[in-house]
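Subject: Model for you to look over

Hi,

Here is the model I promised to pass on. Please open it alongside this note. My findings follow below.

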Amino acid sequence: MANIVQAHSRLKLELEELVPSLVESLQKVQLLRHSADSLFSNLSEGCLLKDGEEIDKDKYISIVQEKLQILVQNFNALQTKIQKIPKNRFPPIVQPLGPLGMMMLDQSEAAKKAALEYPPVFHQFNAFKDFHKILETYTYRNSRKRSTTSHQMQPAGGMRRKRPPRVIIDSPAAFKQHLSQLLHIPNILGDMKVQVREMFGNTRLLSISVRRTLNCHIILRHIQIERVIVKGLLEDENIDEVDLSENSSLDTMTRITEHAQASLIFYSFSSLTDEESFRKFLQWLRSYKTLFHAKCMRCKRHLVEGYPPTWRDFVTFQPYHFGCRSY
Amino acid sequence: MGVTVVFQWELVDGQTHQQAIQELHGRINNTGAVQEGKFYYESKFYQASDSATTRDFYTLKTSEYPVTVFARVDDSTKDKNSCIQCDSPMESLLVKLREFFTPKRTFEIRGTRFKLADFWIRPGIVTSSGSNKCVTIEIEYTPSYFADDCWPLFSELGSYILNRQIDDKPPTLMENNKQFNPGMMVQQYVEIFSRKATTQANFQQPMKQEQIQAYNTQM
Ligand SMILES: [Zn+2]
């Protein structure tokens, strides 16, 4: 009992010494955060003021410099404050229990020392365990899982955009309407002709002919692309006679088919919605209108081993030979 | 048949046709192209017995299209490009029409064909009545049907094979977004044959002066 009273009074003393300096450090932290906030908002706004007015560049730079100086000052103040926080004067004295008590009885000095050092290590271990628990709940909350429901999925900072539900199209008329929305890309119909053939159920064949260059046949389920095959301009001109089982007889088109399949994977694994990735694919496909006259962006040549630049970058849509493409 | 362009090889002083072909084979091999069999073209010039009502014409048979005969009326206006494609029995029909159309001259082209990705390259020697006339290189690019679009490819490959600068525009008969048709290939050969006919023998159908000039600038 006397022990407990002693420990209590010690703790009280310690806290009395600690609390004022902790409060002061916290104030310093707040100051630092405030100055950092104001600096970053200044940086994100740039030279443009909220009311649309523009400030002089030199003036802007001097403002930023001033804020940076304040930030550094606040940071230094915090640092000195933290260094002044009193160290724990009283090492925790915990009576060794159980096997540790036995160690205290040991004759060797090493065992005695270990027994005395053990309690603080034990504390640290517990702190680690607590920290790990908190960390685990955070990582679990932010991890992506197919089965997680929306209330579990609430992200901490709203960083991830959720995929909206898949569009279900159940009639040819609905599809036509949806397709016209999908094709809402500036000038796309000047370069591409689109034909639709109804297949079974919700599967459709979309034949897109890119201006004087190639035909691309796409199998769609709803608006999700299932398969892509690229053929020459005069191969399978009629949409009812398209042979989807065989590749083009032209080597160039076979290569482009492979690239188109890769682009599908690229766009569908990005964070885009089905509609957006479909549109991106169409824009990528449109870039093939220059297949026969665009030079490779890397080697500045037309032909490499008899092939024109058959690769189009997925982001910039620029032409490259397959061997010259950028990573 | 994709866009096909026929170039004529200018013999260097003292070079025989055979040597020219050998040089060409070397250059074509350097591009990475591989040999794929032989090719054979045969062209006949038929002269109309009554030039007031009927026209002279050329026929062209090729090993690439064994059951087809291309026939091209020898029109003075080049852009008209009046070419017809017939089945091979056309030949026997022409034999029956001997009285109206007389076969005057036969041209043959033989050579080895090369494949480079989607290109076909056919260098060959043109012969007429047993003697070598000239060397031609035909380049076909199968995926494209518009010479305006794919001309840079021809220009790059052609200038390497021919070892000289190629015009930066396609031949006038393919220009202005015209879709390629086999008649354009026949016409290019006919132009080369008739050029030979005017320069080498005093042939019946002399080419108009401006036409020769146009042709020369074209190449
Ligand atoms: Zn390249």
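First, a term: a residue counts as buried when its relative accessible area is under 20%. By that cut-off, both A:Cys296 and A:His321 are buried. Bear in mind that this is a predicted model.

Zinc site

Those two residues belong to the zinc site. The zinc ion is coordinated by A:Cys296 through SG, A:Cys299 through SG, A:His321 through ND1 and A:Cys324 through SG. The distances run from 2.1 to 2.3 Å. The 4 donor atoms subtend angles of 97 to 121 degrees, so the arrangement is tetrahedral. For reference, the ideal angle for four tetrahedral donors is 109.5 degrees. Along the sequence, the donor residues follow the spacing C-x2-C-x21-H-x2-C. The pair A:Cys296 and A:His321 links distant parts of the chain, 25 residues apart. A:Cys296 lies in the loop between α9 (274-286) and β5 (311-312) of chain A. A:His321 lies in the segment after β6 (319-320) of chain A.

Contact between the chains

Next, the interface. Chain A and chain B bury about 1700 Å² between them. Carbon and sulfur atoms account for 59% of that area. Three residues, A:Arg212, A:Phe292 and A:Leu303, supply 41% of the area that chain A buries against chain B, more than any other three residues. The contact takes 17 residues from chain A and 20 residues from chain B.

How many salt bridges are there between chain A and chain B? The count is 1. A:Arg212 forms a salt bridge with B:Asp149, and the closest N and O atoms are 2.7 Å apart.

Salt bridges overall

The count comes to 14 salt bridges over all chains. The pair of A:Arg212 and B:Asp149 crosses between chains. A:Arg212 sits in the loop between β2 (203-210) and β3 (214-221) of chain A. B:Asp149 sits in helix α3 (residues 147-162) of chain B. A:Arg212 is buried, with a relative accessible area of 16%. B:Asp149 also counts as buried, at 6%.

Within chain B, B:Arg110 forms a salt bridge with B:Glu108, with the closest N and O atoms 3.7 Å apart. B:Glu108 is partly exposed, with a relative accessible area of 24%. A network of salt bridges links B:Glu64, B:Arg113, B:Arg122, B:Glu138 and B:Glu140.

B:Glu42

This residue is worth a look. B:Glu42 is found in strand β2 (residues 34-48) of chain B. Is B:Glu42 buried or exposed? B:Glu42 is buried, because its relative accessible area is 15%. B:Glu42 forms a salt bridge with B:Lys44, the closest N and O atoms being 3.7 Å apart. Leaving aside neighbours within four places in sequence, B:Glu42 is in contact with B:Thr59, B:Leu60, B:Lys61, B:Thr106, B:Phe107 and B:Glu108. The C-alpha atoms of B:Glu42 and B:Val126 are separated by 9.5 Å, and the two residues are 84 apart along the chain.

Strands in chain B

Strand β3 (residues 57-62) and strand β4 (residues 65-73) of chain B pair in the antiparallel sense over 6 bridges. A hairpin of 2 residues joins β3(B) to β4(B). B:Thr59 stands opposite B:Ala71 in β4(B). On to the next pairing: β4(B) and strand β5 (residues 83-87) of chain B run antiparallel, joined by 5 bridges. There, B:Ala71 stands opposite B:Ile84 in β5(B).

Best wishes

How values were computed. Residues are numbered from 1 along each chain as its sequence is written. Chains are lettered from A and ligands numbered from 1 in the order in which they are written. This is a predicted model: local features need pLDDT of at least 70, side-chain atom pairs count only at pLDDT 80 or more; totals for chains, interfaces and linings use all residues. Side-chain values use heavy atoms; hydrogens and water are left out. Donors are N, O and S atoms within 2.8 Å of the metal (3.2 Å for Na, K and Ca); water is not among the atoms, so sites may look incomplete. Four donors count as tetrahedral if all angles lie between 85 and 135 degrees; four count as square planar and six as octahedral if opposite donors are over 155 degrees apart and all others between 65 and 115; anything else is irregular. Helices (H or I, at least four residues) and strands (E, at least two) are DSSP runs, numbered from the N terminus. Buried means under 20% relative accessible area, exposed over 50%, partly exposed in between (1.4 Å probe, protein chains only). Two strands pair if DSSP finds at least two bridges between them. Contact means heavy atoms within 4.5 Å. Buried area is the accessible area (1.4 Å probe) that two parts lose on being put together, summed over both. A salt bridge is a side-chain nitrogen of Lys or Arg within 4 Å of a carboxyl oxygen of Asp or Glu.
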